[in-house]
Amino acid sequence: MVTGNNQGSLFETELLKEIREKFCDVEQDPIFGCDRLFFDNAGGSFRLKAASEAFQKADSIPDCPEHRQKQALWLQEVQRKGTEDIKMMFNAPEESSVATNLTASMMMFEMTRAIAEGVPGTNVVTTALEHPSAFDSAKYFAERTGKELRVAQTNRVTGGVDVEEIVRLVDQDTSFISVIYGSNISGAVIDMEAVVRECRRIKPDLFIICDAVQHTPHAAIDLSRTPVDAVNFAPYKFFGVRGMGFAILSPRAAKLSHNQLLAKPAGDWELGSPAAGHFASVSAVADYVCWIGEKFIGAADRRALYEEGMKQINLHERALLYRMLEGGGAVPGLRHMPGVSVYLDYEDLSTRDFILAIGIDGLDYIKAVEEYEKEGVIVFERVASSHFSVRMLHSFGMEGAIRVSPLHCHTVEEIDRFLQITQKLA
Ligand SMILES: Cc1ncc(COP(=O)(O)O)c(C=O)c1O
C-alpha cells in the first residue's frame, strides 16, 4: 500500500548544479579521467569537497590536541564542534556519549560487547537483514554470555523486516535487540519508531542497538523518536571521508563496562587522541545538509535546517528512484524493461532508500557488473558466495543481485543514461 508521496520531488536545476559542484568527481573517474556513472554509493559515497578539505586542514596540523598551545586548543574546538554536530544530526540528548573507532564495524562490536556483558537477560534478538558486523557481534557475544540468539526473518515483499516479526521474539528476558535501520541490500527502511515503541511495551527498559550506516545518508534520524541505546554510522558512506566509525550511546549504555582509561568519567569511551580531521569532516557534512535546508526554509536553528536538508535529499532521491522504476523518457523504466527484474520491489517508495537490487536475464551478477563497467557504470554484485551477503540474500530466497545505489546529486538524465545502458545489456 502506498501511504505517502510516492514520486518525490526533484531539486530545481540551478540548485542541483550547485549541489553537484560541491562533490568531487561526479561526472568523471578521478584516476583515469573517463566519464563514469558512479552508482555504488552504498559502498562508499561521493565525497564532499568541503569534507575532504576540512579533514586535510585539521590533519595537517602536528600539534597534540591534548596540549595547551593555541593550535592544540583549535583542534580541541574542532572535536567539540564535531561532537556537537553529530548529536545535532541525530537529535541526540546532550548527555549522550559520542564514541569512535576505526570502522563502523569495530564500533558495533564494541557496543554490542558492552551491552551483552553488562545487561542481564537470557536471550538476544536480531534480524536476518543485519550487516555481518551487527549480526556476528550479536551472535558472538550472545554465545559468550550464554544467551539464546533469536533471529527475526525478512519480508520478501517489502525487502525489510516487519515490526511484529521482531516484537514476537522479545520478552522480559531479552537482554537487547540489534536492528538495522536501512538495508544495504534492498534499500528497505525498518520502522524503527514502531520497533522501539512496541518492543519497550513488552520490556520498558529494553536495550536497543541500531546499525544506521546505510540509512544516515538518506534521511534525518531523530533519537527523540527512536531513543535507542547505541547507534553507529560511517562518514565515508555519508559524503565524508573514510577512516572512522562513529557511535552515539545513551548515558546508561555509555556507563556499562567498556575498554576505558580508569581516570576518565564512566561514560567516556575515548581512548587516545582520535584524529580531529574526522570531526572537522563530519561538521562539513552537517554544514552542507543545513545549506540545502536553508534553500527551502530560510534561516532557522541548525537541527531544523538539517531535518529540512535531509527531507529534500530524500524527496529528490525518491523522484529519481521513481524515474528509474517507471521511466518517463525515451527508455522504459526497470519495471517495464524486458529481460530485467527488480527484486524486492515494494510499491511504497517512502519506505525505501535509494538502493535497488536488480537482475538481467542470462547475465550472472558478477558478469553484469563487469559489463556495466565497460559502459562506464559502477555498480556492485551482492552474491551468495560472499559472507557479506549470503544470510540476507537467502532470507529472501535469492542467490544474488546487482546492487544499484546512486545519490541525491544525480540527475534525471543520468538515470536515463543508466536505463539506456541497462536496456542494451538486457
Ligand atoms: C549496513 C552496514 N552496516 C555496517 C557496515 C560496515 O561499515 P564499515 O565498513 O565502516 O565497518 C556497512 C558497510 O558496508 C553497512 O552497509
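How far does a polar side-chain atom of Tyr 236 lie from an oxygen atom of the ligand, and what is that distance in Å? I looked it up in this predicted model, where local features need pLDDT of at least 70, side-chain atom pairs count only at pLDDT 80 or more, and totals for chains, interfaces and linings use all residues. Residues are numbered from 1 along each chain as its sequence is written, and side-chain values use heavy atoms, with hydrogens and water left out.

For Tyr 236 I read 2.7 Å. For Lys 237, a polar side-chain atom is 2.8 Å from a ligand oxygen. Asn 184 also has a polar side-chain atom 3.4 Å from a ligand oxygen. A polar contact here is a pair of N or O atoms within 3.5 Å.

I then looked at the surroundings.

**Aromatic pairs.** I found 15 aromatic pairs in the structure, with ring centres within 6.5 Å. I picked Phe 39 and Phe 418, whose centres are 5.3 Å apart; their planes are at 40°, so the pair is tilted. Planes under 30 degrees apart would count as stacked, and over 60 as edge-to-face.

How values were computed:
Polar contact = N/O pair within 3.5 Å; in protein donor to acceptor, adjacent residues only side chain to side chain. Phe/Tyr/Trp six-rings, centres within 6.5 Å; stacked < 30°, edge-to-face > 60°.
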